[in-house]
Amino acid sequence: MGFARIVCFCVLSLLFFADNLSSHPLCIDSSYPLTLKNPLKFCNYNESSCCNATKDVHLQKQFQSMNISDSACASVAKSIICAQCDQFSGNLFGLGSKTSPVPVLCNSTVSSTSPQSAQSETNFCSKVWDTCQNVSVINSPFAPSLQGRGGPQVNSKPTKISDMWQSKTDFCNAFGKSSNAESLCFSGDPVTLNATGIPSTPAGLCLEKIGNGSYLDMVPLTDGSNRALFSGQQGKIWLAKLPKEGSNGVIELDESSPFLDLSDIVHFDAQFGLMSIAVHPKFTENGRFFASFNCDKTSWPACGGRCACNSDVNCDPSKLPSDNGAQPCQYQSVVAEFTVNETDSRPTMATSADPTEVRRILTIGLPFTSHHGGQILFGPDGYLYFMMGDGGGGGDPYNFSQNKNSLLGKIVRLDVDDVPSATERSTLDLWGNYSIPKDNPFINDNKSQPEIWALGLRNPWRCSFDAERPSYFMCADVGQDKYEEVDIITKGGNFGWRVYEGTSLYNPTTSPGGNTSKNSINPIFPVMGYNHSAVNSKEGSASITGGFFYRSLTDPCMYGRYLYADLYGGPIWQGTEFPKDSGKFSSSLVSISCATDTPLKCSSVPGSSSPSIGYIFSFGEDLHKDVYVLTSSGVYRVVRTSRCNYTCSMENTTHVPTTGLAPSPSQSEGTQLSKDLCTSLVFMLSFFVFLILLN
């Protein structure tokens, strides 16, 4: 049994630590911490916490049921129980179904890459053993079982840690861990992060112009060929080959020969068109890709779908006025699936696509002619995310964004691999051909649309997942009158609109759909953004364009910073998170220059050293994590700073220091290797334990 116990705690540790990667404040259920109006009465947490008053009472009852007579041990056990309320509990306990009953306990070993403060130097695991090893506890969470996925072990008999574990070393091998770049540890107090060593601001952003075409979206193919799909708002998609950085090459793209032409069915004007494209994660095997576009049901019979103004949301389309000459729900937002031509033997060899829809994923009738978002992208979980605006009308008059019976003003999460039958679609009252992921936050709420992942958005324009930290799901949300914002999207999060614009209360001019009280929601405020007054006043407007965390080694001084821009004003901002993994950002305008050896000449601004790049529609990212800027004047790529005579001390080094924001060139690959190795060991050890238990 001794060897079986060792194997058990190895499996427990691996199950817990394999996916316990660094993240911003996040709760065990993947939701964002609450902003407490009053401190919790039992657990010592205030301001930001993953517990509300009800959860606090539940934890108090759990603690009392443990019946711990020793006061010192009781104090330690209480802190461990209450760690579920820590704003970093998702990191300490794990997320979703892979949670442990005990947080990672600090063992005094601290990695140089750890974002945690000096509290992680505390050997709290040793303290737990020394304080509680001979104290009887009912329902002890420290049992050496494979129950790391659920809650504490249900055991009405008192047990001692020393009866379950042979030594402190065994105990701390199972529950202790150092604080490093990928995980935090619990020291007995709320987690705090290291606030020293403020990162310096990069000298500037160097661009090369590699294309003259104007595109709205760019998605790399996942076959390693350095090819990408580009889409234009008018309805065409092109297959392009990207040049190597520094090769003096340009994008190889034939405008006269599109990969797919949907212009006959796409309705195009200033607000409408082909809004986004997404490639299936297994495109190299199945050739599947998706398009999000707008259509006019008066000119295309197949365009019609359910109107978003309906009785479920107390909206009558017959009572809505026409908008820019269009009738309510005349225009639709569509997500459709396509595939490469069957004449191609392999998807990676395809040079064109079949124009016939494989499947209509989603169709939503738009009550007004603006604010319909339209971006689609696949998350690291394999699900399709669809960003939907509030439907327009000026100030969201029907309060769609806060109404969980509406898909407007939401981020929607769909499973496009598990397609239900027509009967199932009708029974579930779905908007198209998809199924609902089982961990969607409102799937069991009969007063909400189960497709919803997050709500309270006005018009999200360009979202992305951080390539190194998947929990950083960044979305730019276009503001109304004052503020443009960037949000970290979390499961079930409410991002405030139209109760708030940015951090300020918003007062709508008309409210036929009613209002939402500020006291009835827990808004998640933006982490970055800018006031309308910050952009070129001559434009008379502002509209944010979201980008990416820069994860390429081409410009190591920009590594780890979030890039975003304004559509009209032309400036680009860089957002720096500090402390690391805190979810707190500072942002600043970054100087832009065009490389002296750019393949295509950049236009200049009279009296300025900055190039004139035009309206910034979108950002793109290739498989090497190089970032592209898609503008009205062409396609630009972020390149080495020296090509613009900027200085970056790390550009010519063979090994980029892991301190601050920049990683070593192999860090990403190493992280993935570690996760893959852990996963393999988990399965091997689990099977071995199963054989032992059978005997």
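## Ground rules

The model is predicted, and local features need pLDDT of at least 70, side-chain atom pairs count only at pLDDT 80 or more, while totals for chains, interfaces and linings use all residues. Residues are numbered from 1 along each chain as its sequence is written, and side-chain values use heavy atoms, with hydrogens and water left out.

Helices (H or I, at least four residues) and strands (E, at least two) are DSSP runs, numbered from the N terminus.

Start with helix α2 (residues 53-65) and helix α3 (residues 71-82). They pack at an angle of about 145°, and their axes are 10 Å apart. Axes here are lines fitted to C-alpha atoms, for helices over the stretch in contact; angles run from 0 to 180 degrees between N-to-C directions.

Which residues in α2 and α3 meet? From α2 come Leu59, Gln62 and Phe63; from α3 come Ala74, Ala77, Lys78, Ile81 and Cys82. Contact means heavy atoms within 4.5 Å. The residues of this contact divide into 6 nonpolar, 1 polar and 1 charged. Nonpolar covers Ala, Val, Leu, Ile, Met, Phe, Trp, Tyr, Cys and Pro; charged covers Asp, Glu, Lys and Arg; the others, Gly among them, are polar.

## A sheet of 4 strands

An open sheet has 4 strands in the order β19-β20-β21-β24, with antiparallel pairing. Two strands pair if DSSP finds at least two bridges between them. β19 (460-465) and β24 (528-531) are at the edges; each has a single partner strand, so one side of each lacks a neighbour in the sheet. From one strand to the next, the twist averages 15°.

Look at strand β21 (residues 483-489). It is joined to β24 by 4 bridges, and the two run antiparallel. Val486 has Met528 in β24 as its bridge partner.

## A sheet of 5 strands

Another open sheet has 5 strands, ordered β29-β5-β34-β33-β32, and its pairing is mixed. Its edge strands, β29 (592-594) and β32 (616-621), each pair on one side only. Neighbouring strands are turned by 35° against each other on average, direction ignored.

Strand β5 (residues 205-211) pairs with strand β34 (residues 634-638) in the antiparallel sense, over 4 bridges. Here Glu208 stands opposite Arg637 in β34.

## A proline in a loop

Pro328 sits in the loop between β12 (306-307) and β13 (331-340). Is Pro328 buried or exposed? Its relative accessibility is 13%, so Pro328 counts as buried. Buried means under 20% relative accessible area, exposed over 50%, and partly exposed in between (1.4 Å probe, protein chains only).

Leaving out residues up to four places away in sequence, Pro328 touches Pro317, Leu320, Pro321, Leu366 and Pro367.
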